[in-house]
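Trainee: Could we go through this model together and check each label against its rule?
Mentor: Gladly; let's look at it first.

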Amino acid sequence: MGPTSLLARCAPNDGYPAAVTTYALRSASPAKTRAEAVVVGVVPGPALAPGAEDVAAAYGRKLRGLLSTLEVTGKPGEIAKVPSKDVIGSPLLVLVGLGADPTPAAVRRAAGAAARAVTNAASVALALPADTPELAAAAIEGYRLGGYTFTSFRSAPAESAAPAELVLLSPAARRKEVVAAVEEAQVIADAVIGVRDWVNTPPAHLTPPTFAEEITAAAKAVNKALGKGAAKVEVSVLDEEELAALGCGGTLAVGGGSAAPPRIVELRYRPADANGHVALVGKGITYDSGGLSIKPATSMTSMKEDMAGAAGVVQAVLTAARLGLPVQVSAFVGLAENMVSGSSYRPGDVVTIYGGTTVEIANTDAEGRLVLADCLVRAAEAEPDVVVDIATLTGHMVLALGEKLAGVLGDDATVAEVLAAGEAAGEDAWPMPIPEFMETRIHSSTIADLSQHDWIRWGGGLFAAAFLREFTAGLPWAHLDIAGPTFNKGGAAGHLTAGATGYGVTTLVEFLRARSAGVVPESVSGDAGATTPAAS
Ligand code: BES
Ligand code: MN
Ligand code: ZN
């Protein structure tokens with residue numbers, strides 16, 4: 001039996017009936033709802049949060065003592081469950097801490113924690129603060145993402161199922177804006193879950209060719225569900241022969257050591273009423289062993305995550321189509337597996353990027369930039385107004401910013417626009433500079449146009465961005481380094497669960513949404529490629 005049949009035997013188990021939850025939005029009273037569990041927020045005081053007024057009224061003066069006995073203080077992440085049948089209509093009251101300020105971010109976190117506390121209830125009513133479109137969206141997003149599990153590779157179904165029905169209670173349930181926000185939140189949650197599923201999939205099951213097939217299938221499914229006349233997502237897959245004919249030498253070099261050949265997948269979404277044209281580029285290293293510059297064992301364990309940028313880009317395009325955003329999107333994801341073999345590329349090799357730029361290789365573990373370079377040149381050829389790339393690119397960015405924040409680099413205006421999108425998405429990011437002296441460092445090769453890496457460790461995330469900028473044709477551009485926030489090595493917290501976080505796709509969608517609404521920073525036309533602190 002060859003490796004293929006072994007893989008087939010271990011194929012993801014789709015045999016279990018997935019727990020299907022139906023969602024509803026109602027203005028019913030949380031004290032009268034007959035759901036098996038009702039979730040309310042607690043703010044410091046402690047007191048019940050907005051949305052739970054009539055539950056507080058039903059408990060009356062007993063509430064204070066109850067909260068005190070339960071040691072519930074309203075801190076974020078706190079959960080307490082109380083049998084409640086004689087006081088309210090539902091037999092179980094779930095109290096979840098919100099913190100002092102019930103913002104959408106706080107509600108998203110609390111709904112996520114609550115989702116993990118009610119998996120055995122057949123029906124659940126969420127009575128968190130949800131009287132604005134933003135809060136209602138956050139409650140649904142948090143609930144879906146916090147309750148996320150990845151069970152495809154379990155040999156037996158999990159003990160607890162998801163509730164059959166989830167009702168979001170909102171006093172504004174009949175407002176058009178609230179209904180629309182909840183529907184959009186479902187689409188965004190689908191996208192984040194789509195990214196998590198792909199990132200969590202073991203690397204032997206998600207090689208460049210199989211990932212390309214999954215992308216094609218996902219686009220087909222989205223297109224099928226779109227209404228008549230809606231703009232579709234077009235997909236084209238470049239295989240290793242086409243990549244060779246085109247001269248995509250970065251992708252071919254990185255993928256050369258793997259038994260699974262590389263791919264570049266290109267997606268296009270062209271609505272008739274487009275407000276401008278955005279290019280998205282994503283790093284899709286389906287596994288990063290480091291290649292001949294092999295990683296230490298402990299750095300390799302989570303390297304299936306190295307295709308998260310590509311997953312985010314694909315899901316962002318699908319989401320733009322599902323939401324019908326009036327903006328043209330051209331997307332390019334470079335898929336390769338960075339492995340060790342007799343056909344691996346070597347430190348010392350010179351590779352030629354699509355378009356002709358030559359690069360001297362110093363470290364085969366700095367592979368992402370080579371795949372991105374091919375894709376960025378292809379993206380620039382599409383003549384977009386702006387280019388955004390997203391990649392689990394450097395451990396340096398994790399050292400600099402920790403594991404919760406992405407670094408954003410590029411021209412000042414596009415960086416500001418991405419940071420604003422991150423803010424709207426509830427994903428934390430921070431601007432980083434591309435110092436002038438990096439120009440010298442990327443041009444330090446004595447035999448090729450560019451050096452890939454120069455063994456000065458310090459500032460490696462900034463070097464990488466300076467390298468990428470060479471391939472952006474002077475277009476407005478920003479680069480998101482998501483090496484930190486992509487993978488949660490700890491336990492579940494709020495709307496994040498263990499493993500893949502799905503970080504980035506929501507920021508990309510918010511970026512597209514702002515562009516589609518005609519929000520373009522004024523300085524974009526003027527200072528493309530401009531940067532930041534000069535060398536001292
Ligand atoms: N995929 C890694 C970066 C990474 C690190 C992603 C941690 C997620 C978590 C990337 O390809 C890499 O190996 N980068 C090197 C670059 C160096 C050789 C210039 C790194 O960060 O050490
Ligand atoms: Mn690497
Ligand atoms: Zn990598």
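**Between the two domains**

Mentor: The rule finds two salt bridges across the interface of domain 1 and domain 2. This is a predicted model, so local features need pLDDT of at least 70 and side-chain atom pairs count only at pLDDT 80 or more, while totals for chains, interfaces and linings use all residues. Residues are numbered from 1 along each chain as its sequence is written, chains are lettered from A and ligands numbered from 1 in the order in which they are written, and side-chain values use heavy atoms, with hydrogens and water left out.

Trainee: What makes Arg-513 and Glu-184 a salt bridge?
Mentor: The rule asks for a side-chain nitrogen of Lys or Arg within 4 Å of a carboxyl oxygen of Asp or Glu. The closest N and O atoms of Arg-513 and Glu-184 are 2.6 Å apart, so the pair qualifies.

Trainee: Where do the domain bounds come from?
Mentor: They come from an automatic or database domain assignment, which gives domain 1 (22–191) and domain 2 (230–535). In the contact (heavy atoms within 4.5 Å), domain 1 takes part with 14 residues and domain 2 with 17 residues.

Trainee: What is meant by the area buried between domain 1 and domain 2?
Mentor: Buried area is the accessible area (1.4 Å probe) that two parts lose on being put together, summed over both. Here that comes to about 1300 Å², with carbon and sulfur atoms giving 59%. On the domain 1 side, Val-187, Ile-188 and Ala-191 lose the most area to domain 2, together 39% of what that side buries.

**Elsewhere in the chain**

Trainee: How many salt bridges does the rule count?
Mentor: The count comes to 19.

Trainee: What is the average confidence of the chain?
Mentor: The pLDDT, the predictor's confidence in each residue from 0 to 100, averages 94, and 93% of the residues score at least 70. Over residues 1–5 the pLDDT is below 50, and that stretch has one contact beyond near neighbours in sequence. Residues 524–536 are also below 50, with 28 such contacts in the model.
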